[in-house]
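Let's take a walk through this fold together, starting with its sheet and moving on to the helices beside it.

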Amino acid sequence: MPATSKRLDGAVIVFDLDGTLIDTAPDLMFTLNTVLGEQGLPPLPYEMASSLVGRGARAMLERGFQADGRPLEEPEASRLFDRFIDHYLDHIADESRPFPGVIEALDRLEDAGAALAVCTNKRTDLSLAVLDALGLTSRFAAIVGPDLAPRPKPDASHLLRAIELAGGDPARALMVGDSINDVLAARNAKVPVVLVSFGYTDIPPRDMDADALIDGFDELYDQVARLIGA
């Protein structure tokens, strides 16, 4: 059925951000290794990005210190966290880009009548900064970081808040993500979930029991239509 039939009228498609919509690993790893270098620590290899990026800045810093056999304790942890955020904001979209096919997929979903939202464990201000830099903020009816939700993913309340703010109903919503937090949030909210195979996770995507797994965004519309299409 062509998208122009408005098959997804009233539906809300909710996306994770890092590792799903946007490949943010280059700028996050650059920031991490800059801060580590300032502390006399060796850089972490880019190959570690997929298991690091989804864990947040504090965990990334802790992992960098652990790799050199050093603990990261307060007050140094808070000072370096602030330094990480400041540096990241200055370089938030130097190399970060939407994954291939994202723009076309968003176009097709909107043409079919769906509203779009973001539900991410990245702080809302950082999420808006990267989306603004890439000219994508206006595509989404709601952008909800953990600071705007009762509790963060995998709690259902985070996803349900994003659906609510986008003007939708969980009975006509779907989550698109890359990690176990996305799958669990969707399950807890009783919403179907599509996983991308190329995101940031240390659990193989095929082992996470999503309703569908896609290798590219050109596959997304058909899976959304199958799962929640009228």
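An open sheet of six strands runs in the order β5-β4-β1-β6-β7-β8, with parallel pairing; strands pair here if DSSP finds at least two bridges between them. Helices (H or I, at least four residues) and strands (E, at least two) are DSSP runs, numbered from the N terminus. The edges belong to β5 (142-144) and β8 (212-214), each with a single partner strand, so one side of each is left without a neighbour in the sheet. From one strand to the next, the twist averages 20 degrees. This is a predicted model, in which local features need pLDDT of at least 70, side-chain atom pairs count only at pLDDT 80 or more, and totals for chains, interfaces and linings use all residues. Residues are numbered from 1 along each chain as its sequence is written, and side-chain values use heavy atoms, leaving out hydrogens and water.

L195 has L213 in β8 as its bridge partner.

Now look at helix α7 (residues 156-165), which packs on the sheet and touches β1 (12-15), β4 (115-119), β5 and β6 (173-177); contact means heavy atoms within 4.5 Å. The direction of α7 makes about 160 degrees with that of β5 (axes are lines fitted to C-alpha atoms, for helices over the stretch in contact, and angles run from 0 to 180 degrees between N-to-C directions).

Helix α8 (residues 180-189) meets α7 with axes that come within 8 Å and cross at roughly 75 degrees. That makes α7 roughly perpendicular to α8 (65 to 115 degrees). A156, L159 and L160 of α7 make the contact with A185, A186, N188 and A189 of α8.

Key: Angles under 35 degrees count as roughly parallel, over 145 as roughly antiparallel, 65 to 115 as roughly perpendicular and the rest as oblique.
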